[in-house]
Structures are given as structure tokens and as C-alpha cells.
Amino acid sequence: MLLPFIGYILFGLANIYMFSLAIKHLPTAVAFAVWTATTLIFIKIAELAFFNQRISFVEIFFMLLIMAGILGLKIYGVQTK
């Protein structure tokens, strides 16, 4: 019972650390968008793997829209130096 909680804490701390590294090299909006999209995709993969959920083409379409938005932010966003 304690192992999932410890994993949650460790992965949460690693998540915060990695995000802080990302915002040093990327604009905050792009880093947050990537972080959110990655989380969404991993949650969907976990649903498919552990809970035998199905995925629809509509869900795939909207996940692709999120990825397109991230690319748009990265490519066309204001470049800071």
C-alpha cells in the first residue's frame, strides 16, 4: 500500500524538477503546453493498458490538435534571447 504513494511522491518531485529545467530553455507557455500534452498522452496510455479502455478517433484527433498547437507555439511564438 505504501509503494504507490512513494512512487507518486518521487515521480511528482522528478516532474517538478524536469519542468523547471524545461522553462530555462523554452518559453513558459510552450513548456507548460508540452508538459500538459505529455501528461494527457501518458494518462490515455495508462487507461488503455491497465483499465482496458478504448480510444476513439475523436480523442486521437483532439490529441493531435493539442500537438499541433504546441508546434504552432514553438514555431511561430515570439523568440526570446
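Buried means under 20% relative accessible area and exposed means over 50%, with partly exposed in between. The exercises below concern a predicted model.

**Exercise 1. Classify the residues of the salt-bridge network and place its members on the helices.**

Step 1. A count over the structure gives two salt bridges, and Lys44, Glu47 and Glu59 are linked by them in a network.

Step 2. In the bridge between Glu47 and Lys44 the closest N and O atoms are 2.9 Å apart. Because Glu47 and Lys44 are three residues apart in helix H2, about one helical turn separates them.

Step 3. In the bridge between Glu59 and Lys44 the closest N and O atoms are 3.2 Å apart. This pair links distant parts of the chain, with Glu59 in helix H3 and Lys44 in helix H2, 15 residues apart.

Step 4. Glu59 has a relative accessible area of 31% and is therefore partly exposed; Glu47, with 27%, is partly exposed. Lys44 has a relative accessible area of 9%, so Lys44 is buried.

**Exercise 2. Describe the aromatic pair of Phe19 and Phe32, and say what the pair connects.**

Step 1. A search of the whole structure finds four aromatic pairs. One of them joins Phe19 and Phe32, whose rings are 6.5 Å apart centre to centre, with 75° between the planes.

Step 2. Planes over 60 degrees apart count as edge-to-face, and the pair of Phe19 and Phe32 is accordingly edge-to-face.

Step 3. Phe19 lies in helix H1 (residues 2-25) and Phe32 in helix H2 (residues 28-50), so the pair ties together parts that are 13 residues apart in sequence.

Step 4. Phe32 has 44% relative accessibility and therefore counts as partly exposed. Together with Trp35, the residues Phe19 and Phe32 form one aromatic cluster.

**Exercise 3. Characterise the overall form and the surface of the chain.**

Step 1. The chain has three helices and zero strands, and from the N terminus on its elements run α-α-α.

Step 2. The radius of gyration of the chain is 16 Å, whereas a compact globule of 81 residues would have one near 12 Å. Along the principal axes, the C-alpha trace spans about 45 × 35 × 10 Å.

Step 3. Of the 81 residues, 9% count as buried. The chain exposes about 7,100 Å², and carbon and sulfur atoms supply 78% of that area.

Step 4. Leu2, Phe5, Ile6, Tyr8, Ile9, Leu10, Leu13 and Ile16 make a nonpolar surface patch of about 880 Å². Among them is Leu13, which lies in helix H1 and has a relative accessible area of 53%, so Leu13 is exposed.

**Exercise 4. Locate His25 and Asn52, and determine whether each is buried or exposed.**

Step 1. His25 is found in helix H1. From C-alpha to C-alpha, His25 and Leu2 are 36 Å apart in space, while they are 23 residues apart in sequence.

Step 2. The relative accessible area of His25 is 70%, and His25 is therefore exposed.

Step 3. Asn52 has its place in the loop between H2 and helix H3 (57-76). The phi of Asn52 is near 50°, which is a positive value in a residue other than glycine.

Step 4. With a relative accessible area of 64%, Asn52 is exposed.

Terms used
Residues numbered from 1 in each chain as written. Predicted model: local features only at pLDDT ≥ 70, side-chain atom pairs only at ≥ 80, totals over all residues. Heavy atoms only, no water. Phe/Tyr/Trp six-rings, centres within 6.5 Å; stacked < 30°, edge-to-face > 60°. Helix = DSSP H or I, 4+ residues; strand = E, 2+ residues; numbered from the N terminus. Buried < 20%, exposed > 50% of the residue type's maximum accessible area, 1.4 Å probe, protein only. Rg over C-alpha atoms; globule rule 2.2 N^0.38 Å. Areas by Shrake-Rupley, 256 points an atom, 1.4 Å probe, with all protein chains shown as cover. Patch = residues over 30% accessible without salt bridge, like charges linked within 9 Å, V, L, I, M, F, W, Y side chains within 5 Å. Salt bridge = Lys/Arg side-chain N within 4 Å of Asp/Glu carboxyl O.
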